[in-house]
Amino acid sequence: MPALDPGASSAPRTVFLLAHTGRPAAVRSAELVALGLLRSGLDVRVLAAEAADLPLPDTPAVQIVPEVSPDVLDGCELLIVLGGDGTLLRGAEFARASGVPMLGVNLGRVGFLAEAERDDLDQVVDRVVTRAYEVEERMTLDVTVHDDGQVMHTDWALNEAAVQKVSPERMLEVVVAIDGRPVTGFGCDGVICATPTGSTAYAFSAGGPVVWPEVEALLMVPIGAHALFAKPLVTTPDSVLAVEVEPHTPDGVLWCDGRRTAELPAGARVEVRRGAVPVRLARLHHASFTDRLVAKFALPVSGWRGAPH
């Protein structure tokens, strides 16, 4: 995707800043980014709850909004999120609702959704000021829960929608289906339906494959299944994945990105399909996903001798 044109607009520029202010490192990083943007003539918008923890100057260029609302990012060209995976997924909720691209700065451990690390703050500010970034879209999931023929809950996810057991002493009995056709049933701890973006998150921990973000696909990964055929499945992006909770089994629970939850009574069916609304991510680097994978997981590649000519 082509880089944004620095002369595309002469309107006042505003960047929304979201940080996990409960961590001192995030407070300091957010302060450095905000001050760098302000010195360059950009406005910075923050939530009032977080502004109270940030030592920001008293200036009209610092916009403080009192609460989260659907229009909280109106007029912003970018959302900068500083924190760990949980904060980045919180930022993804803002990005999806507004259509504003999200630029993640990783202050946690892995941070696959992040584009920069805490040592890159000066570069982040410079790239934002000069609009030297690109924007890509990441597939999401739309999730629907049916019970007794009625829709009882709808949700979405960037990484995964996970159907899980509630009682630690009892397995969850499920039947999984693809495109309206049953595939198999088993007892398990749960089933994960994931995007390629989420393939390096919970689905990876459960033994699922790593899928490059450019690949359009849906994943279904059983968790602790007691069955001979309970392997991860990769389907087309237009497939509909379904997990039915058996009527005789204990109730389950649905988790979307580990942030939003819904109860699943016995007999409920969870349907997962490609989301209608993507999440837009701002990219600073052209490094391949392979290099990102090696760096994030600290994979041993020192013996490799096949450097390109």
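I looked up Arg273 to begin with: Arg273 is partly exposed, at a relative accessible area of 31%. My cut-offs here: buried is under 20% relative accessible area, exposed is over 50%, and partly exposed lies in between, with a 1.4 Å probe and protein chains only. I note that this is a predicted model, where local features need pLDDT of at least 70 and side-chain atom pairs count only at pLDDT 80 or more, while totals for chains, interfaces and linings use all residues. Residues are numbered from 1 along each chain as its sequence is written, and side-chain values use heavy atoms, with hydrogens and water left out.

Next, the partner of Arg273. I found a salt bridge between the side chains of Arg273 and Glu271, at 3.8 Å from N to O. For a salt bridge I take a side-chain nitrogen of Lys or Arg within 4 Å of a carboxyl oxygen of Asp or Glu. Glu271 counts as buried, at 16% relative accessibility.

Then I turned to Arg274. Which residue does Arg274 form a salt bridge with? I found Glu216, with the closest N and O atoms 3.1 Å apart. This pair links distant parts of the chain: Arg274 sits in strand E19 (residues 269-274), and Glu216 in the loop between helix H5 (202-205) and strand E14 (218-223), 58 residues apart. For the record, helices (H or I, at least four residues) and strands (E, at least two) are DSSP runs, numbered from the N terminus. I have Arg274 as partly exposed at 33% relative accessibility, and Glu216 as partly exposed at 47%.

Another pair I checked is Arg260 with Asp155, a salt bridge whose closest N and O atoms are 2.8 Å apart. Arg260 belongs to strand E18 (residues 260-264) and Asp155 to strand E9 (residues 150-157), so the two distant parts of the chain are linked across 105 residues. Buried or exposed, I asked of Arg260? Arg260 counts as buried at 18% relative accessibility, and Asp155 is buried too, at 14%.

I also wanted the wider picture. How many salt bridges does a search of the whole structure find? My note says 17. I also saw a network of salt bridges linking Glu115, Glu136, Arg138, Arg283 and Arg292.

Last entry: Glu31, which I placed in helix H1 (residues 24-39). Glu31 is buried, with a relative accessible area of 15%. Its side chain makes a polar contact of 3.0 Å with the side chain of Arg28. By polar contact I mean a pair of N or O atoms within 3.5 Å; within protein, one must be able to donate a hydrogen and the other to accept it, and residues adjacent in sequence count only if both atoms are side-chain atoms.
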